[in-house]
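Me: I would like to learn how to read a two-chain model, feature by feature. Could you take me through it with the general idea first and the case at hand second?

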Amino acid sequence: MARTLFEKIWQAHVVEQMPDGTCLLYIDRHLVHEVTSPQAFEGLRVAGRQVRRPDATIAVVDHNVPTSDRSQGIAEPDSRVQIETLERNVAEFGVPFLPLHDTRQGIVHIIGPEQGISLPGTTIVCGDSHTSTHGALGALAFGIGTSEVEHVLATQTLLQKPAKNLLVRVDGRLSPGVTAKDLVLAIIGRIGTAGGTGHVIEYAGEAIEALDMAGRFTVCNMSIEAGARAGLIAPDETTFAYVRGRPFAPQGEAFEAAVQHWRSLRSDPDAVFDKTIVLDAATVAPMVTWGTNPEAVLPIHETVPDPRDAEDPARRQAMQRMLDYMALTPGQALAQVPIDVVFIGSCTNGRIEDIREAARVARGRRVAPGVRALVVPGSGLVKRQAEAEGLDRILTEAGFEWREPGCSMCIAMNPDRLAPGQRCASTSNRNFEGRQGPGGRTHLCSPAMAAAAAVAGRLADVREFA
Amino acid sequence: MPPFTSLTAIAAPLPLANVDTDKIIPARFLKTIARTGLGVHLFDALRYDEHGAERPDFVLNREPYRAAQILIAHENFGCGSSREHAPWALLDFGIRCIIAPDFADIFHNNCFKNGILPVRLSRAICDALIADASLGPNARLTVDLESQIVARPNGETVAFDIDPSRKRALLLGLDEIGETLQRASAIAAFEGRHRAASPWIPGLAS
């Protein structure tokens with residue numbers, strides 16, 4: 001029977017199936033960070049249980065870490081306790097760990113692929129919703145809660161029901177100045193924040209195949225913002241070239257054998273999807289969000305929408321609430337909205353390719369007066385690579401701050417946060433109320449668009465910054 | 001996990017769609033290594049002003065809803081992050097049941113792991129229950145898991161669907177990890193087959 005890519009990976013990992021369809025699913029890779037794991041390790045300790053496969057588990061600190069000089073340790077007491085707790089737990093349970101001062105430290109969803117820990121055809125979980133990122137390699141990767149973290153630590157399995165299949169096919173090619181971030185924002189704008197609920201999204205089509213791995217990670221990363229359990233892209237030559245030679249990836253003959261298998265990881269031509277959405281890449285423009293969830297998004301050349309145009313009264317009320325929070329007026333040109341802060345980084349857009357994009361716009365220009373612009377590499381290795389290419393100099397000469405790796409202002413658990421009322425052009429993934437700090441206002445966009453906003457002092461169309 | 005069998009309690013109306021996990025519990029309160037004590041931060045931005053004073057118009061700051069154990073909301077409740085701190089905060093406040101047209105997947109999962117019953121009912125029924133819940137001191141609903149029924153103050157009942165294995169786990173307050181560990185031999189057998197079929201997935205121990 002014809003199968004989707006999701007079904008192929010799923011079926012290869014079913015340990016047992018219960019009468020009601022619930023499956024005991026085997027997990028190949030478990031990524032652990034400091035925020036969602038302390039209670040899970042504590043649960044193991046209380047019950048006298050062990051980690052079943054420390055060698056399939058890896059831990060890193062990312063959410064809480066300061067992105068300024070950290071040679072003096074971590075000043076914020078709660079953050080320090082959480083990080084020290086992880087350090088104690090990995091030592092006690094024998095879990096491999098990338099500590100704060102390791103060059104390889106970084107955001108968990110950047111370092112998994114970067115280290116070759118995340119591989120095509122594997123199941124990957126992490127106590128973080130953006131685990132969907134790793135699906136770009138053709139892995140089934142999804143976020144879980146802390147109880148499930150504990151379940152995976154103890155059993156290397158999860159109790160799950162299979163998801164439904166949603167195919168998002170993107171035909172044609174993206175226009176110049178339009179990136180993977182714009183594409184995924186356009187997809188979320190089309191299907192909505194709950195459009196993927198209960199589904200795994202497989203992205204396919206010419207525009208997806210043309211993306212480099214960085215772009216594919218960005219697209220899969222934001223699958224959760226459409227409510228999907230996971231995002232998937234069939235592995236191809238781009239994927240294999242990316243994985244080859246990475247530290248934890250198979251090497252030599254084992255790699256060649258793996259590639260032979262990985263080539264079978266694609267949906268059969270007559271596979272049945274529960275839903276299919278088709279987009280024309282050529283119609284996608286540089287995008288920016290105007291509201292407080294990622295589906296509230298428009299092309300940068302548009303104007304702020306008018307709640308009075310919404311037919312459903314609840315929708316009208318929700319739009320008005322968003323505009324009140326965002327301090328925007330219907331009809332206002334998005335490209336005229338002044339900004340205070342720019343954040344370039346996160347698991348969505350903290351890769352070397354993203355920093356190159358930002359530097360390309362920043363080169364020879366200056367951050368507008370009064371604007372604070374942060375660039376936070378996704379990992380220590382991204383930072384080192386950017387410095388080797390001189391990108392840090394281009395950015396700092398233009399007035400950007402060049403910082404240490406971590407989640408930073410995407411989640412504002414460390415000192416990088418917006419003050420109430422501040423408005424930020426951000427390459428992160430969520431524009432929820434207060435996400436970047438209480439009262440902060442977030443406009444999601446691509447790295448190039450964020451850099452353009454920094455220079456213009458307002459949301460700006462990157463196509464004017466060629 | 002505390003079992004969930006039947007609950008008769010005050011229901012609080014929260015007629016908002018897309019209530020995200022940052023709204024349920026902002027990230028700055030996730031810097032804890034405990035599961036308890038988060039109830040005071042539940043719905044922080046909706047519940048308190050910038051000086052930390054209660055906003056008198058927010059439902060959970062009003063009587064009788066301070067004692068609510070049931071919450072009724074609109075579509076896509078719990079969207080956003082995987083933080084289990086969201087159900088922990090709800091539970092710590094006293095909420096044991098959430099009724100909405102639909103839930104985000106990870107939040108939905110997380111509820112079941114904590115003895116919270118998420119009930120999916122149509123938007124029209126949710127709106128009727130929200131009207132019930134707005135009756136003040138009479139805003140009591142009964143949610144019975146065994147019979148899969150919500151009983152309204154006027155005596156009408158509404159049936160809801162639930163996955164049989166999840167129902168059983170909630171009714172018994174099962175320790176799922178303990179249950180799965182009883183399948184250890186099946187897991188070990190799978191590992192043997194899986195290693196043979198996919199020898200290129202190396203261990204991470206350095």
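Me: How far apart do the C-alpha centres of domain 1 and domain 2 of chain B lie?

Reply: Domain bounds come from an automatic or database domain assignment. For chain B that assignment gives domain 1 (6-172) and domain 2 (175-206), and their C-alpha centres lie 36 Å apart. This is a predicted model, in which local features need pLDDT of at least 70 and side-chain atom pairs count only at pLDDT 80 or more, whereas totals for chains, interfaces and linings use all residues. Residues are numbered from 1 along each chain as its sequence is written, chains are lettered from A and ligands numbered from 1 in the order in which they are written, and side-chain values use heavy atoms, with hydrogens and water left out.

Me: How many residues of chain B are in contact with chain A, and what area do the two chains bury?

Reply: The size of an interface is often given as the accessible area lost when the parts come together. That area is computed with a 1.4 Å probe and summed over both parts, while contact means heavy atoms within 4.5 Å. Here 54 residues of chain B are in contact with 79 residues of chain A, and the two chains bury about 5300 Å² between them, 58% of it on carbon and sulfur atoms. B:Lys31, B:Trp200 and B:Leu204 supply 17% of the area that chain B buries against chain A, more than any other three residues.

Me: How many salt bridges are counted between chain B and chain A?

Reply: A salt bridge is a side-chain nitrogen of Lys or Arg within 4 Å of a carboxyl oxygen of Asp or Glu. The count between chain B and chain A is nine, and one of the pairs that meet in a salt bridge is A:Glu150 with B:Arg35, at 3.2 Å from N to O.

Me: Which element gives the most residues to the side of chain B that touches chain A?

Reply: Helices (H or I, at least four residues) and strands (E, at least two) are DSSP runs, numbered from the N terminus. The helix α8(B) gives the most to that side, with eight residues.

Me: Why is α3(B) described as largely enclosed?

Reply: Buried means under 20% relative accessible area, exposed over 50%, and partly exposed in between (1.4 Å probe, protein chains only). Seven of the nine residues of α3(B) are buried, so this helix is largely enclosed by the rest of the structure; B:Trp88 and B:Phe93 are among them. Just after α3(B), B:Gly94 takes a positive phi of about 125°.
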